[in-house]
Amino acid sequence: MGFSTIDENRLCELKAFDDTKAGVKGLVDEGVTKIPSLFHHPPDKFVKASNLGNTEHIIPVIDLANVSKDPSIRQEIVSRIREASETWGFFQVVNHGIPLTVLEEIKNGVRRFYEQDTEVKKELYSHDQMRPFMYNSNFDLYSSPALNWRDTFMCYLAPNTPKPEDLPEVCRDILLEYGTYVMKLGLALFELLSEALGLHSDHLKDMGCAEGLLSLCHYYPACPEPELTLGTTKRSDNCFLTVLLQDHIGGLQALYQDKWIDIPPVPEALVLVTNDRFKSVEHRVLANLIGPRISIACFFSSGLKSSSKLYGPIKELLSEDNPPKYRETTVGEYVAYFNAKGLDGTSTLQHFRI
């Protein structure tokens with residue numbers, strides 16, 4: 001059976017938008033005052049909760065200063081990470097070792113890329129995820145129920161560091177420098193997470209959790225009708241750990257007890273996934289009248305998508321009272337399902353639930 005008339009119309013609209021290679025920023029540059037229906041999202045069933053005056057709904061901020069120097073401080077940090085990961089699946093860290101100058105320059109570098117001449121960016125526009133650097137708007141353009149109000153570029157920073165000539169000159173140096181800092185931070189966090197699970201500090205690293213590092217750099221233009229769309233649909237991440245840097249605009253929210261909780265702009269917000277012991281929190285980004293909003297998400301994962309290695313619940317954490325909740329799968333199978341499903345507001349993990 002072919003597409004219905006409505007589907008054919010939608011497909012034509014999607015292709016027309018895709019063919020501009022100018023993304024959402026292109027729409028804003030044209031001066032749109034009404035967003036195209038492709039970006040319209042149905043109302044969310046979850047209520048937004050106010051954080052104001054409610055200390056119960058403040059995402060934990062964990063200070064990593066002296067984590068490697070004082071065993072008693074380390075134990076306190078491990079304890080706080082365990083509590084935050086089990087309760088929220090989100091926490092923020094300060095004194096993480098990445099200089100403020102680097103944090104500011106990576107945000108500036110991302111902005112420089114998106115605000116350069118459209119004709120220059122068009123050369124890098126693609127949906128081919130095998131490219132070392134890929135820029136587009138909505139990776140799931142043709143499969144998602146509604147588009148998100150953002151543009152994105154993607155590059156793999158590990159296990160194979162990209163060749164400098166494969167990266168745009170306007171952000172080349174800072175992408176590589178930032179990736180080095182994030183990898184160092186990630187290795188330290190995996191040690192702390194392993195200890196928080198009651199495992200040897202090298203356990204998650206030895207599993208290959210820190211082999212791959214993918215960077216997604218998002219540009220959320222100001223939106224004339226933010227109540228009709230989203231910057232990022234409700235999702236949970238398909239990786240071992242996410243390190244997120246967001247600018248001052250805000251808009252990131254986490255789903256907690258069926259209410260949306262604001263995540264105030266703080267350099268990193270981290271998402272953790274393990275057999276429901278640590279939560280894989282669902283989160284989203286609101287569209288905003290103010291913009292652009294810049295965010296840089298770095299995802300730690302296995303370095304080999306084609307590997308036949310199986311990943312599943314950590315066996316040391318399983319027992320008769322705590323049986324596995326998910327079946328084992330390869331990274332390739334998991335990523336293929338995530339990409340085919342797109343950001344449709346449902347959790348990828350549920351597909352693998354036993």
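I began with Arg 74 and Glu 195 in this predicted model, and I noted that Arg 74 is buried and that Glu 195 is buried too. The two form a salt bridge, and I read 2.8 Å between their closest N and O atoms. Arg 74 sits in helix α3 (residues 71-87) and Glu 195 in helix α6, so this pair ties together parts that are 121 residues apart in sequence.

I then followed helix α6 itself, which runs over residues 172-196, and found that its 25 residues reach 36 Å from the first C-alpha to the last, close to the 36 Å expected at 1.5 Å a residue. After α6 comes Gly 198, where I noted a positive phi, near 80°.

Next I searched the whole structure for salt bridges, and the search gave ten. One of them joins Glu 225 to Lys 34, with the closest N and O atoms 3.6 Å apart. Because Glu 225 lies in the loop between β6 (212-220) and β7 (230-235), and Lys 34 in the loop between α2 (23-29) and β1 (47-48), the pair ties together parts 191 residues apart in sequence.

My last pair was Lys 122 and Glu 119, whose closest N and O atoms are 3.3 Å apart in a salt bridge. Both belong to helix α5 (residues 118-122), and because they are three residues apart there, about one helical turn separates them. I recorded Lys 122 as partly exposed at 26% relative accessibility, and Glu 119 as partly exposed with a relative accessible area of 49%. Finally, I noted that salt bridges with shared partners join Arg 74, Glu 191 and Glu 195 into one network.

Key: Residues are numbered from 1 along each chain as its sequence is written. This is a predicted model: local features need pLDDT of at least 70, side-chain atom pairs count only at pLDDT 80 or more; totals for chains, interfaces and linings use all residues. Side-chain values use heavy atoms; hydrogens and water are left out. Helices (H or I, at least four residues) and strands (E, at least two) are DSSP runs, numbered from the N terminus. The expected span of a helix is 1.5 Å times one less than its number of residues. A salt bridge is a side-chain nitrogen of Lys or Arg within 4 Å of a carboxyl oxygen of Asp or Glu. Buried means under 20% relative accessible area, exposed over 50%, partly exposed in between (1.4 Å probe, protein chains only).
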